Amino acid sequence: MKIFFTRLLQNVRLYRSLRFRIFLIVLLIGIIPSFIMRILMVRGYESRAMSQKISEVTNQSAIVAAHLARTDYFSDTSDPVINDELIQMSNLYDGRILVINDAYQIIKDTYGKSQGRYIVSGEVISCMNGSRNMSSQDEENRYLEITVPILDESTGGVYGALVASASTDGIHDNVEIMNRRAVVVEVVIALVVLIIASALASTLLRPFDKVIKAVDSVKEGFDPGVRDIEVPDYTETRDIMEAFHHLMSRMKEVDDTRDEFVANVSHELKTPLASMKVLSDSLIQGGDAVDAGTYREFMLDIAEEVDRENRIINNLLSLVKLDKNRSPELNLEPRDLSKMLRQLVKTLTPLAKEAEVDLIYEEKIPVEAEIDETKLSLAIMNLMENAIKYNKKGGWVRVTLDADMQFAVINVSDSGMGIPEESINRIYDRFYRVDKSHSREIGGTGLGLAITRNAILLHRGAIKASSIVGEGTTFTVKIPLRMDI
Amino acid sequence: MRSLRRFFSIIAAAFAALIMSSCGHGEGDRTDVYKIFFPEEGYASIISEERTILPENSSDMVSALLNELEKEPSDDKGIPSITSDIKPSRVDFKENGVQIDFPEAYLDMDRTREILVRASVVETLTQYDKVQRVSFLVNGEELKDSAGVVIGDMTADSFINNTGVELNSYERTNVTLYFTDIGGSALKRYDEDLVYNTNMAIEKFALETLIGGPQAVNEQEAFPTLSPDTKLLQVTVKDRIAYANFDTSVKEEPYSVDEETALYSIVNTLTSLPGIDKVQISIEGSTEGVFMDHMKLDELYERNDDLIN
């Protein structure tokens with residue numbers, strides 16, 4: 001039972017193979033027509049030969065019957081000429097001839113067996129009364145039976161009937177020979193088709209083998225050579241390979257991004273640690289010679305670095321939480337955006353004063369929106385912080401709030417250094433720095449804009465940056481007033 | 001559950017008993033089932049239907065059968081053979097022969113109806129094993145055909161219902177027979193086209209023709225090798241060996257024929273047929289002793305061409 005199922009499964013697997021199907025289709029298309037042709041030809045020959053034989057024997061019988069009608073054979077059956085004629089005909093067709101008179105009595109049997117008996121078969125009766133020729137075939141015993149009336153030409157009366165049998169062995173033998181030859185031809189055709197079918201099945205699918213090989217090599221471990229594999233044999237294989245290469249380059253991109261991210265994270269986390277190491281090392285080396293003031297100063301620096309490290313880690317965590325793929329929960333509540341922005345401006349005013357930057361808030365109309373206040377205020381605060389930090393002394397930062405029917409629009413513009421055009425699309429990448437040389441003195445984690453963007457996307461909003469180097473940058477944030485729109 | 005099973009087994013047993021009893025019934029009465037023949041509607045041919053007739057004595061059986069012939073067949077496909085206008089006026093039954101006297105109206109039937117009525121009556125009556133011959137009279141005179149010849153006794157064999165079967169039952173075939181010359185010491189070969197009944201084994205036909213003598217061949221110089229009284233009891237072929245069993249008259253030597261010639265006429269005739277290499281002759285089923293004088297029977301004989309002249 002188990003063996004049976006295994007075999008069945010194997011068969012199903014075989015049947016599902018495209019190669020096998022092509023093989024089968026070609027084979028059937030090749031063999032079925034030759035099979036049908038053989039049957040039709042042999043059958044056609046058989047029926048034609050049979051009807052020819054019937055008409056031949058019927059004609060001959062009619063000639064003999066006409067001859068019988070002209071003589072007085074019915075009163076005297078010893079006429080040697082006619083008896084010879086009957087025997088000749090009987091020999092010619094390898095059959096038997098019965099002459100029947102109008103009293104249904106057999107007056108002549110070329111086999112000499114049934115003379116004097118009466119024949120009351122349906123054929124003879126209907127032949128006598130209907131005066132027409134009858135014929136029937138006996139396939140099993142291979143003979144034809146012809147019954148013809150013997151008519152008086154002048155009066156149309158019936159003298160009797162003539163029953164002739166004729167062997168159809170010749171026809172059957174011919175059919176058999178023909179069939180045998182046709183079978184030989186058929187077998188040859190089948191063999192040729194078999195060879196063609198298997199050749200086609202293997203050559204037609206060879207390009208697919210190449211595709212499978214390419215995919216397999218990736219499965220076993222990334223092979224850069226795969227990039228160059230093209231299978232241009234068919235449109236289909238070319239398309240498959242194109243799609244495959246596309247997928248591969250996407251995968252490579254993702255791979256590269258991840259690598260870069262990990263490298264960035266390690267680097268960023270390492271930087272404060274390295275500072276702390278340097279500071280603590282110099283304290284240890286100084287030993288007792290280090291005075292309390294220096295000690296304190298160094299320890300403050302270390303504490304600052306710890307804060308920085310802590311901030312980076314917190315930002316990373318919040319970024320992970322905000323990742324839209326993880327669909328974090330939003331605590332949506334209707335909030336007054338103006339109030340939130342005013343609060344943010346108030347919070348950041350000391351920082352702005354320290355950087356000698358004017359922080360201006362403009363409100364076109366009061367706006368209330370369904371938002372998660374914690375996340376959105378973090379996002380806007382990051383934008384404002386950046387605008388203050390990457391500014392020049394005596395510069396300005398302008399925050400405006402506007403709204404249309406569907407969206408609240410928050411603009412954060414500054415008079416800072418601006419972002420070069422080639423960097424504008426990468427500013428949301430994690431740890432991306434426009435100017436790596438200044439990052440240390442400005443501080444920051446390199447995660448701020450990534451967090452901002454994620455928070456805004458969570459609100460189904462949009463963020464756009466436009467900038468001119470040396471003149472300033474404007475971030476435009478659009479937040480839907482209601483999430484269910 | 002158990003009682004249900006018992007119930008079913010009882011039902012099955014009852015069924016089996018019923019089937020067996022019905023079978024037994026059928027077998028016991030088989031001899032009483034006769035085919036009643038009658039012309040088909042429109043007098044196109046003869047058809048038959050089976051009826052059960054309970055016999056009491058021989059003459060009653062004949063009249064019972066004639067009575068059945070007057071009845072309408074159960075389906076509408078046929079016409080009774082004997083209608084009221086040709087009801088027989090007298091039926092004589094003696095010495096295995098039945099003589100039926102029909103009224104004048106019998107002659108008024110057209111030839112097709114007449115032959116069908118005649119065939120139906122004869123074929124129906126001759127099924128009864130005590131009836132061998134049937135003859136027809138009309139008004140006390142014997143029935144004559146259109147040429148004025150008396151038709152006389154008819155038997156079951158007189159009528160052919162099916163041309164196909166009739167044509168098939170005989171075949172013309174070539175048989176090689178070995179007779180002897182006037183000296184009786186040499187064999188002569190004769191290839192003859194002969195007609196034989198295909199229901200008979202060709203070996204049997206060949207040997208019977210051989211026993212029947214050279215009238216089967218149109219030759220003046222051929223002489224028989226075996227006594228014409230010889231009876232072939234059986235001939236069978238197995239593993240290319242023919243086993244021919246004769247009665248004791250085969251030992252008679254009415255002609256001056258050598259024993260070898262007689263024996264090899266049998267052996268050569270049989271081995272000329274396809275599928276036979278050797279011949280085992282037995283007399284009354286026994287292979288002990290000799291054929292005529294000295295040739296042993298317990299020996300397989302092969303073809304001998306040396307005797308052929």
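**Exercise 1.** Find the bridge partner of B:V279 in β13(B).

*Solution.* The partner is B:Y301. Now widen the view to the two strands. Strand β12 (residues 278-283) of chain B pairs with β13(B) in the antiparallel sense, over two bridges. Two strands pair if DSSP finds at least two bridges between them. Strands (E, at least two residues) and helices (H or I, at least four) are DSSP runs, numbered from the N terminus.

This is a predicted model: local features need pLDDT of at least 70, side-chain atom pairs count only at pLDDT 80 or more, and totals for chains, interfaces and linings use all residues. Residues are numbered from 1 along each chain as its sequence is written, while chains are lettered from A and ligands numbered from 1 in the order in which they are written.

**Exercise 2.** Which strands of chain B stand at the edges, and why is one side of each left without a neighbour in the sheet?

*Solution.* Start with the order: β10-β11-β12-β13 of chain B, an open sheet with mixed pairing. β10 (232-238) and β13 (301-302) of chain B stand at the edges; each has a single partner strand, so one side lacks a neighbour in the sheet.

**Exercise 3.** Describe how α6(A) and α7(A) meet.

*Solution.* Take the axes: helix α6 (residues 206-220) and helix α7 (residues 235-286) of chain A come within 10 Å and cross at roughly 10°. Axes are lines fitted to C-alpha atoms, for helices over the stretch in contact, and angles run from 0 to 180 degrees between N-to-C directions. The two helices are therefore roughly parallel to each other (angles under 35 degrees).

Technical notes. Parallel < 35°, antiparallel > 145°, perpendicular 65-115°, else oblique. Contact = placed C-beta atoms within 7 Å.
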